[in-house]
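Grab a pencil and work through a few exercises on the model below. Try each task yourself before reading the solution.

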Amino acid sequence: TIPCSPGLDVTTDGGIVRVEGTCDELTISADAAIVIADDVAVLTVSGSGTYVSTLALGDLRLTGDVNEVRWAGATPAVTDSGTANTIGQEQ
């Protein structure tokens, strides 16, 4: 568990990371990781094979491949330049 801080980049390949607090910007460059976060204004996922879950998400930018991103709140603005990514609201 780590607190959100300005410019936070999760880089632990294969890790399970809990990010607490509100993030203006969160980057995930890790591969094959699991990241659980609270509220994220801008989420960038550049790693591949990663699962991300957030409570609220404002803007999602995907450049990595084969990621899954889920959120609990309103649908964010999405830019997906990667391949085989799965995104959607938590069921």
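**Exercise 1: strand pairing**

Val17 stands opposite Val35 in S5. Before going on, note that this is a predicted model, where local features need pLDDT of at least 70 and side-chain atom pairs count only at pLDDT 80 or more, while totals for chains, interfaces and linings use all residues. Residues are numbered from 1 along each chain as its sequence is written, and side-chain values use heavy atoms, with hydrogens and water left out.

Task: work out in which sense S3 and S5 pair, and over how many bridges.

Solution. Start with the terms: strands are DSSP runs (E, at least two residues), numbered from the N terminus, and two strands pair if DSSP finds at least two bridges between them. S3 and S5 pair in the parallel sense, over four bridges. Next, look at strand S1 (residues 2-3), which pairs with S3, also in the parallel sense, over two bridges. On that side, Pro3 has Glu20 of S3 as its bridge partner.

**Exercise 2: two faces of a strand**

Task: sort the residues of S3 into a covered and an uncovered face.

Solution. In S3, Val17 and Val19 make up the covered face, whereas Ile16, Arg18 and Glu20 make up the uncovered one. Now follow Ile16 outwards: together with Ile34 and Ile36, Ile16 forms a nonpolar surface patch with about 270 Å² of accessible area (Shrake-Rupley method, 1.4 Å probe). Patches like this join nonpolar side chains (Val, Leu, Ile, Met, Phe, Trp, Tyr) within 5 Å, taking residues with over 30% relative accessible area and no salt bridge. Ile34, in strand S5, is partly exposed at a relative accessible area of 36%. For the cut-offs, buried means under 20%, exposed over 50%, and partly exposed in between (1.4 Å probe, protein chains only).

**Exercise 3: the core**

Task: find which residues have the most contacts inside the largest nonpolar core.

Solution. A nonpolar core is a set of buried Ala, Val, Leu, Ile, Met, Phe, Trp, Tyr and Cys residues joined through side-chain atoms within 4.5 Å. The largest one has 21 residues, and Val19, Leu26, Leu43 and Val69 have the most contacts inside it. S5 gives this core its largest share, five residues. Then zoom in on Leu43: beyond its neighbours within four places in sequence, Leu43 is in contact (heavy atoms within 4.5 Å) with Leu26, Ile28, Val52, Leu57, Asp59, Leu60, Arg61 and Val69.

**Exercise 4: salt bridges**

Task: how many salt bridges does a search of the whole structure find, and which residues form them?

Solution. The criterion is a side-chain nitrogen of Lys or Arg within 4 Å of a carboxyl oxygen of Asp or Glu. The search turns up three:

- Arg18 with Asp38, whose closest N and O atoms are 2.8 Å apart. Arg18 lies in strand S3 and Asp38 in strand S5, so the pair ties together parts that are 20 residues apart in sequence. Arg18 is partly exposed at 29%, but Asp38 is buried at 16%.
- Arg61 with Asp59, at 3.1 Å from N to O. Arg61 counts as partly exposed at 37%, while Asp59 is buried at 18%.
- Glu68 with Arg70, at 2.9 Å from N to O. Glu68 is partly exposed, at 29%.

Terms used: Patch = residues over 30% accessible without salt bridge, like charges linked within 9 Å, V, L, I, M, F, W, Y side chains within 5 Å.
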